[in-house]
Amino acid sequence: MNAYLVGADVLGNIPDLLGRYGITIHKHVSGRHAAHQRKPASLKGVDLIILFTDFLGHNVMRHYRELANEENIRFVACRRSVCSLSQTLDKLGHCATNPCDTCPQRKLH
């Protein structure tokens, strides 16, 4: 799964955490520059947009939420901390410990 990250100048341990969830960073923008607040050139290959709320203004968050809805891309908003992101991803049903094939919570069809 590829993620587009919006917010935060420095990611710290976030890339390691995302890796444990099987998520790779497609692109990261800080959201501070005016160019980051407009529609990105391409969201091709992006499966998830992650908004770090403690580094973004309301208009920027609204813009990316609307963009995610237009492009039918899942998005989450959380604080830029490993704990907050981990809790948010857990709520989405992602799991850091088991691959989906062997997960006991996986719903069989």
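**Reading a predicted fold**

Modeller: The scale runs from buried (under 20% relative accessible area) through partly exposed to exposed (over 50%), with a 1.4 Å probe and protein chains only. This is a predicted model, where local features need pLDDT of at least 70 and side-chain atom pairs count only at pLDDT 80 or more, while totals for chains, interfaces and linings use all residues. Residues are numbered from 1 along each chain as its sequence is written, and side-chain values use heavy atoms, without hydrogens and water.

Biologist: Which residue forms a salt bridge with R62?

Modeller: Side chains of opposite charge can pair when their charged atoms come close. The cut-off is a side-chain nitrogen of Lys or Arg within 4 Å of a carboxyl oxygen of Asp or Glu. Here R62 pairs with E66, their closest N and O atoms 3.6 Å apart. Both lie in helix 2, 4 residues apart, about one turn of the helix. E66 is partly exposed too, at 40%.

Biologist: How many salt bridges does the structure hold?

Modeller: It holds 2. D54 pairs with R79, with 3.8 Å between the closest N and O atoms. This pair links distant parts of the chain, 25 residues apart: D54 is in the loop between strand 3 and helix 2, and R79 in the loop between strand 4 and helix 3. D54 is partly exposed at 31%, whereas R79 is exposed at 53%.

Biologist: In what order do the elements run?

Modeller: Helices (H or I, at least four residues) and strands (E, at least two) are DSSP runs, numbered from the N terminus. This protein has 3 helices and 4 strands, in the order β-α-β-β-α-β-α.

Biologist: Which residues touch the most other members of the largest nonpolar core?

Modeller: Such a core joins buried Ala, Val, Leu, Ile, Met, Phe, Trp, Tyr and Cys residues through side-chain atoms within 4.5 Å. In this one, of 16 residues, they are L5, L18, I50, F52 and L85. Strands 1, 3 and 4 and helices 1 and 3 each supply at least two residues. A second, separate core of 14 residues includes V46, M61, Y64 and I73.

Biologist: Where is confidence lowest and where highest among the elements?

Modeller: pLDDT is the predictor's confidence in each residue, from 0 to 100. Helix 2 (residues 58-71) has the lowest mean, 88, and helix 1 the highest, 94. The protein averages 82, and 78% of the residues score at least 70. Where pLDDT is low, the predicted coordinates should not be read in detail.
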